[in-house]
Amino acid sequence: MPHLWFVPLLEWRYGFIDGFVAIGPLTCACTLYVSNESNDSRYRIFGILDLKLSAGGYSVLVEIEGQRGGMMKKIGLIGGTSWESTVTYYQLLNRLVNKELGGSHSAQCILYSVDFEDIETNVYANQWGKIADILVEAATSLEKAGADFIVICTNTLHKLVPEIESRINIPILHIAEATADAIEAAGIRKVGLLGTAPTMTQDFYKSRLIKRGLEVVIPEASDVITVDKIIFDELCHGIVKDESKQEYLRIITDMERSGAQGIILGCTEIDLLVKQDDIAVPVFDTTQIHASVAVQKALER
């Protein structure tokens, strides 16, 4: 909702108003900057509503909409898993914040980027305890750096959320819960799930969807191997092949035939390969969903 403020007109020249700097004429939409030792904020002015004389000089009543920059929550990102999708997260967070606040606003976020070689090696060796140690170090570092909540920029590593949460004092924004919210909002009850082999076959992800009353369809065993191999051997390295896309589309068609009313892109790299335009049923891009919910949380008051 817009707020009404009286802005002191103690100094007026070339857009400067006392401690406020206005870009553009006040009679049209412009951006208002508020700056002092403890605050650096930006607001959207919609127009002059009133002008009055006060003891300190002239004041103008303006209708503004926006948020104090200092009130934006800091997003702690655990990235590098892989860095290809971390780039997408960073772009989405900044674009979505700018869309909400306008001007030159961008997201306040802190990134801890892990070495994906360590993650991938331990996934294949089933050494989840070693991965947990890596992620706990990342999460505690982000908390110490001032993050208000954690976003893990991958689906698979949400397997370790309970272990990480037990070692930190700030919340983790769970990607499966955010995705379940989006599916429920779409009115869909049966969904196909694509992702790494652990995401598709283990309970840590599917169980959260099932608890929400959703039915989950996964590919046949041989196709689970295909989907997983394309993720790790190609997409995590930024390699996008048309033949791999065709394989994914074939697998998605099979899941549709099994009754899937929508498809979860349950790996943050899959959106490099498959888009909504490629598929007839609704696609739930977990990267987009997760980033959007993160921005909502960062901007909530």
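What share of the contacts in the protein chain with a separation of 6 or more is accounted for by residues 24 or more positions apart? The share is 66%, where contact means heavy atoms within 4.5 Å. The model is predicted, so local features need pLDDT of at least 70 and side-chain atom pairs count only at pLDDT 80 or more, whereas totals for chains, interfaces and linings use all residues. Residues are numbered from 1 along each chain as its sequence is written, and side-chain values use heavy atoms, with hydrogens and water left out.

The secondary structure of the protein chain comprises 10 helices and 14 strands; these are DSSP runs numbered from the N terminus (helices H or I, at least four residues; strands E, at least two). Of the 301 residues in the protein chain, 49% are buried, buried being under 20% relative accessible area, exposed over 50% and partly exposed in between (1.4 Å probe, protein chains only).

Strand 8 (residues 75–79) pairs with strand 10 in the parallel sense over 4 bridges, and isoleucine 75 has phenylalanine 149 in strand 10 as its bridge partner. In a regular strand the side chains alternate between the two faces of the sheet. In strand 10 (residues 149–152), Phe149 and Val151 point one way and Ile150 and Ile152 the other way, and all are buried.

Strand 11 (residues 190–194) and strand 12 are paired in the parallel sense over 3 bridges, with valine 191 opposite valine 216 in strand 12. Isoleucine 183, in helix 5 (residues 175–185), is buried at 0% relative accessibility. Leaving aside neighbours within four places in sequence, isoleucine 183 is in contact with Ile188, Val191, Leu214, Ile264 and Phe284.

Glutamate 269 is found in the loop between strand 13 (262–265) and strand 14 (283–285). This residue is buried yet has no salt bridge, and lysine 275, the nearest side chain of opposite charge, is 12 Å away. Lys and Arg count as positive and Asp and Glu as negative, while His and the chain ends are not counted. A salt bridge is a side-chain nitrogen of Lys or Arg within 4 Å of a carboxyl oxygen of Asp or Glu. The side chains of glutamate 269 and serine 82 are instead joined by a polar contact of 2.8 Å, that is, a pair of N or O atoms within 3.5 Å; within protein, one must be able to donate a hydrogen and the other to accept it, and residues adjacent in sequence count only if both atoms are side-chain atoms. Serine 82 lies in the loop between strand 8 and helix 1 (83–101) and is joined to threonine 81 by a cis peptide bond, with omega about 0°.

The count of salt bridges comes to 13. Glutamate 300 and lysine 73 meet through their side chains in one of them (3.9 Å, N to O). This pair links distant parts of the chain, 227 residues apart: glutamate 300 in the segment after helix 10 (286–299) and lysine 73 in the loop between strand 7 (57–67) and strand 8. A salt bridge also joins the side chains of arginine 250 and aspartate 223 (2.8 Å, N to O). Arginine 250 lies in helix 9 and aspartate 223 in helix 8 (residues 221–233), so the pair ties together parts that are 27 residues apart in sequence. Arginine 250 is partly exposed, at 34% relative accessible area, whereas aspartate 223 is buried at 8% relative accessibility.

Conventions
Pairing = 2+ DSSP bridges.
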